Structure formats: structure tokens, C-alpha cells
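Walk through this model one packing feature at a time.

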Amino acid sequence: CLFFYSLNGQELKCEVIVNSNLVNQTNQQIFITLENSIREFMNSQVWTSKEWSKEEKINCSFIFNLTNYNNSNNNFEATLQIQSQRPVYESNYSSPLFNYKDEFITFSYEEFQPLFYNSNNFESNLVSILSFYAYLILGLDADSFKLKGGQNYFSFAQRISNLSQQKNYIGWNPNENIRNRYWLIDSLISNAFMDFRTANYKYHREGLDNMSSDQLIAKKNIINSLVYLDNLNNRRPNAFLTQLFFDAKSQEIVNIFKDGPETNLESTKKILKRVAPFFNNKWREIRN
């Protein structure tokens with residue numbers, strides 16, 4: 001039974017790339033081993049008590065761009081691009097759900113060092129970063145299917161953040177940067193940003209998932225979901241989570257409103273320009 005569960009309980013289908021082009025290191029083996037270790041960890045760790053079928057696994061990718069490696073103390077510095085997708089009901093389309101670049105990645109790793117996750121203890125900064133984003137991906141995915149469905153996963157991510165904060169690694173401290181891992185999970189947990197989570201649910205479950213049955217209703221529901229982000233923007237202009245939403249969704253939104261049944265595009269474009277002015281070039285592609 002345990003063997004069966006290990007095959008069907010794993011939740012992520014994760015592509016991992018470790019890019020060492022910026023690092024002056026003749027022996028590339030350490031980077032290959034690191035990539036393999038991260039890939040094995042992400043694709044074998046069981047994060048939840050729920051059984052997941054092969055079709056339910058969440059597609060995601062972790063791309064580490066190494067910027068520095070010190071072989072005398074095995075310290076790495078990097079940026080990390082994380083992406084995840086969500087399947088859309090009755091279609092072959094996967095919607096981008098999370099697209100984020102973490103610029104505060106530092107960790108130590110010795111070749112062939114095993115990676116273990118312990119929910120009650122800090123094992124290493126690399127494990128903490130990987131586990132944090134695994135739960136974040138799970139939480140955002142669950143939120144897109146059920147309102148506040150990702151709460152437990154976000155709680156796990158916050159626990160990892162709290163444990164890691166005590167070790168003084170960059171990226172976990174509230175005082176160092178307003179757009180780091182601390183503020184990312186703090187915002188997702190906070191009731192002050194509930195409009196973001198509501199928008200995430202309504203956009204996907206009431207919008208995209210209805211595209212195959214009634215495109216006009218689906219588009220109207222997507223527009224209604226953007227109103228929640230407009231409300232959030234009125235209270236918290238340029239919020240971290242608002243930018244996070246459009247970093248993943250901007251091109252998809254353009255594609256949705258460029259074709260198909262006509263809706264009130266003028267009011268939609270006004271919302272988009274108000275809430276996400278940094279994507280105005282994209283919004284111009286939406287034509288009445």
C-alpha cells in the first residue's frame with residue numbers, strides 16, 4: 001500500500017534546470033548533480049495527504065540561473081524563475097498560474113548531499129526554498145478550484161518562512177525587501193488581500209473553466225474577476241500580488257479578449273490600464 005501511495009501521492013511534475021553559464025567553473029559535474037538532486041526532490045517528495053492521479057499532477061518549472069559559486073565553501077548564489085500551470089476544464093489548454101522570479105537565492109550544497117524536508121525543522125536553505133515554492137504552487141492551484149482552497153498549503157509555506165527567517169538567509173526577512181518570500185506569503189495569508197484570492201478563483205473556475213460551454217458568460221465572469229483586483233488596487237496601489245497576477249496572466253488576457261464573442265471591452269481596458277499600467281503595451285492589442 002505504501003508503494004502504491006508513493007506512486008500516486010506525489011503532486012508535482014517539475015522540470016528543473018540549473019544554468020551555470022555565468023559561473024567560471026571548469027568542472028561542471030557539481031551543477032549536474034545539483035540539478036538532478038533538485039529534480040529528484042521536487043518529483044518524489046509527497047507534500048499532502050491527498051492521493052493525486054497522474055492527470056492531476058501540477059506542471060511546474062524551476063530554473064536556477066547561477067550567478068556565483070564558491071567551491072571552497074560550497075556556497076551558491078542564483079536567481080530562480082518559478083512557473084506553474086493549471087489545466088482548463090474540457091480543453092487541452094493549460095493556463096499559466098504562477099510566474100515569478102526570486103532574486104534572493106543563496107544556499108550551500110555539497111555534491112550528492114541528500115535533500116530532506118522536515119515540516120518542523122530547518123534542514124537547509126535550499127530545501128526551505130524548494131519546499132516553500134512547492135506549497136505556494138499547491139496553494140495557488142487549490143485556490144483556483146475552490147475559494148480559499150489553498151489555505152492549508154499557504155500555512156505550511158508560512159511555517160517554512162518563519163523557520164527560515166531565524167537563520168538569517170536573504171529572502172526571508174521582512175526588513176530587507178518589500179517583494180521577497182516573506183512578503184509574498186504574508187500577503188497571501190492576509191485578509192487584506194482576499195480580493196486577490198477571490199479573483200484567482202473566479203477568473204479560473206467561473207471564467208476559464210466555462211470557456212468550452214459558453215464563451216460569452218466565461219468572458220463576463222473573467223471581467224468580474226478583474227473588478228476584485230481593481231478594488232484591491234484602490235486600497236493597495238501597486239500591490240505585490242496584483243503584479244504577480246498579471247505577470248502570469250497578461251498575455252492570456254489579451255488572447256481571451258482579442259477573439260470570440262464581443263463584450264464591453266472599453267470598460268475592461270479601463271480596469272486593466274488602471275490596475276496594471278505596466279502592461280499597457282499589451283492592453284493596446286485588445287481591440288473593440
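Contact here means heavy atoms within 4.5 Å. Helices (H or I, at least four residues) and strands (E, at least two) are DSSP runs, numbered from the N terminus. The model is predicted: local features need pLDDT of at least 70, side-chain atom pairs count only at pLDDT 80 or more, and totals for chains, interfaces and linings use all residues. Residues are numbered from 1 along each chain as its sequence is written, and side-chain values use heavy atoms, with hydrogens and water left out.

Start with helix 3 and helix 4 (residues 151–165). Their axes lie 7 Å apart, at an angle of about 160°. That angle makes helix 3 roughly antiparallel to helix 4. Axes are lines fitted to C-alpha atoms, for helices over the stretch in contact, and angles run from 0 to 180 degrees between N-to-C directions. Angles under 35 degrees count as roughly parallel, over 145 as roughly antiparallel, 65 to 115 as roughly perpendicular and the rest as oblique. The crossing of helix 3 and helix 4 is left-handed, meaning that the near helix is turned anticlockwise from the far one by less than a right angle; clockwise would be right-handed. On the helix 3 side, the residues that meet helix 4 include Phe-132, Tyr-135, Leu-136 and Leu-140. Among their partners in helix 4 are Tyr-153, Phe-154, Phe-156 and Ile-160.

Now turn to helix 7 (residues 215–235) and helix 8 (residues 240–258). They pack at about 150°, with axes 13 Å apart. Helix 7 is therefore roughly antiparallel to helix 8. This crossing of helix 7 and helix 8 is also left-handed. Helix 7 contributes residues including Ile-222, Ile-223, Leu-226 and Leu-229 to the contact. Helix 8 contributes Phe-245, Phe-246 and Ile-253, among others. Phe-245 and Phe-246 also belong to one aromatic cluster, along with Phe-196, Tyr-203, Phe-278, Phe-279 and Trp-283.

How many aromatic pairs does a search of the whole structure find? There are 25. Rings of Phe, Tyr and Trp (its six-membered ring) pair if their centres lie within 6.5 Å; planes under 30 degrees apart count as stacked, over 60 as edge-to-face and the rest as tilted. Trp-47 and Tyr-135 have ring centres 5.3 Å apart and planes at 75°, so the pair is edge-to-face. Trp-47 sits in the loop between helix 2 (29–44) and strand 2 (58–70), while Tyr-135 is in helix 3 (residues 125–145), 88 residues apart. Both residues are buried, that is, under 20% relative accessible area; exposed is over 50% and partly exposed in between (1.4 Å probe, protein chains only).

Phe-76 and Tyr-109 are edge-to-face too, at 6.5 Å centre to centre and 65° between the planes. This pair joins strand 3 (residues 75–87) to the loop between strand 4 (94–108) and helix 3. Phe-76 and Tyr-109 are buried.

Some rings carry a charge over the face (NZ of Lys or CZ of Arg within 6 Å of the ring centre and within 35 degrees of the ring normal). Lys-50 lies over Trp-52, at 4.4 Å from the ring centre. Arg-181 lies over Trp-172, at 4.2 Å.

Lys-50 is also in contact with Glu-56. Glu-56 lies in the loop between helix 2 and strand 2. Its relative accessible area is 38%, so Glu-56 is partly exposed. Finally, Ser-155 belongs to helix 4. Ser-155 is partly exposed because its relative accessible area is 34%. Ser-155 and Leu-188 are 33 residues apart in sequence and 9.7 Å apart in space, C-alpha to C-alpha.

Note on methods:
Lists of a residue's contacts leave out its neighbours within four places in sequence.
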